[in-house]
Amino acid sequence: MNELEKLAKTLTNLDKTLHEKTRLAISTILFHRRKVDFNTLRRLLETSEGNLATHLRKLEQAGYIEVEKRFVGRKPKTLYQLTEKGRKAYRDYLTNLRKIIITEDRE
Amino acid sequence: MAKKEIEERIELLEKLGGIIREEARAYGIIDAVWGLAVFIGAISFQVVEILSIPWYYGFTILIISLLSAFISTPLLKKRIEKSLGYSKGGWLSERIKMSWLAVALIGGTSYMLVFWSPPVTKVILNNLPSAEISGFILMGWLIIDGIGSMVQGIISESKVYTIIGVLMVGSAVIVANIGFIYAWSAFALTYGLGYLSIGLKDYTSFKRSVRAGVKVE
């Protein structure tokens, strides 16, 4: 397999769930910070509630994140964290991205 | 898949990495508190050793300062987490925590077990004046914690922690040659002042930073 074919394979192997920018950003934050609440994600990603909720749902459906609901005082708080599957998928995504960069740099 | 698409993702990862790193500086206040506690405690012990005041005065100040840092740590953490909206518990923090556990807990426990073994204790008690024994023990901790700090610096790619570690290990060599009694000053000046200054620098930088997010849409 030549370099170009390898690159093509890596590109098709990129996780489609994580490749979407908002979901990639959410996963990056959750990878570096164990538990993050909804409002903090909104603050960090400067996005609308609806958009954020949609992407969080997709990540949850993929089994990449888990949700924890708790009360802080009387206020409900929703916290998100990566599952083991999500953590692995994120690492794999970064590995593939790195491969693409290295291949492109060589050409 | 367009090259632009990949570049956009890399740019996004870099921007987010920058924000996460900047916000993590809020935790510098905890390093500063520990640095101050070690500085006060170790310098007090040094004064006690040099002036030949009963050791329990120095020991009491040391315990009080370390206990204050120990008690204030979870309170500060809670306050930072409330303000940031998350806890610093990602893969990097986990690795740093594990490396410190390996170095300080396993290394430190083994060191103390060796130190307190009857043959070693006998040799030390027979050859060292009592005023130098605490400094002699601390010299070992300078090396152990120095290695811990270097490992933290390597993992977190922070030159400052690596330099503090190198200074700690280096100071142990100097102490071994000029007198064990000065190990307290060495600990106060390397670990104490080092963590106090880097902690304050990080916290000030966090306070000054503009907390903006990354627009991903």
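Helix α8 (residues 183-208) of chain B has 26 residues, and at 1.5 Å a residue it should span 38 Å; its end C-alpha atoms lie 36 Å apart, which agrees. The expected span is 1.5 Å times one less than the number of residues in the helix. Helices (H or I, at least four residues) and strands (E, at least two) are DSSP runs, numbered from the N terminus. A kink of about 25 degrees in α8(B) is centred on B:Leu193, where the bend at a residue is the angle between axes fitted to the seven residues ending there and the seven starting there.

The model is predicted: local features need pLDDT of at least 70, side-chain atom pairs count only at pLDDT 80 or more, and totals for chains, interfaces and linings use all residues. Residues are numbered from 1 along each chain as its sequence is written, while chains are lettered from A and ligands numbered from 1 in the order in which they are written.

**Chain B**

Chain B contains eight helices and zero strands. The C-alpha atoms of this chain fill a box of roughly 75 × 30 × 25 Å along the principal axes. Among contacts in chain B with a separation of 6 or more, 76% are between residues 24 or more positions apart; a contact requires C-beta atoms, placed from the backbone, within 7 Å.

The largest nonpolar core has 65 residues, of which B:Leu142, B:Ala183 and B:Phe187 touch the most other members. Helix α2 (residues 28-50) of chain B gives the most to this core, with 13 residues. Such a core is a set of buried Ala, Val, Leu, Ile, Met, Phe, Trp, Tyr and Cys residues joined through C-beta atoms within 7 Å. Leaving aside residues up to four places away in sequence, B:Ala183 touches B:Gly135, B:Leu138, B:Met139, B:Leu142 and B:Val175.

**Chain A**

The mean pLDDT of chain A is 86, and 91% of the residues score at least 70; pLDDT is the predictor's confidence in each residue, from 0 to 100. Within chain A, confidence is lowest in helix α1 (residues 3-13), at a mean of 70, and highest in helix α5 (residues 49-61), at 95.

Chain A has an open sheet of three strands in the order β1-β3-β2, with antiparallel pairing. The edge strands, each pairing on one side only, are β1 (36-37) and β2 (65-72) of chain A. Strands count as paired if DSSP finds at least two bridges between them. The hairpin of β2(A) and β3(A) has two residues between the strands, and A:Gly73 there takes a positive phi near 70 degrees.

| Strand pair | Bridges |
|---|---|
| β2(A) and β3(A) (residues 75-82), antiparallel | eight bridges |
| β1(A) and β3(A), antiparallel | two bridges |

In β3(A), A:Tyr80 is the bridge partner of A:Val67. A:Gln81 of β3(A) stands opposite A:Glu66, and A:Leu79 of β3(A) stands opposite A:Asp37.

**Contact between the chains**

Chain A contributes 24 residues to the contact and chain B contributes 23 residues. On the side of chain A that touches chain B, α3 (21-32), β1, α4 (38-45) and α6 (84-106) each supply at least two residues. The largest share of that side, eight residues, comes from α3(A).

Key
Buried ≥ 20, exposed ≤ 12 C-beta atoms within 10 Å, placed from the backbone. Contact = placed C-beta atoms within 7 Å.
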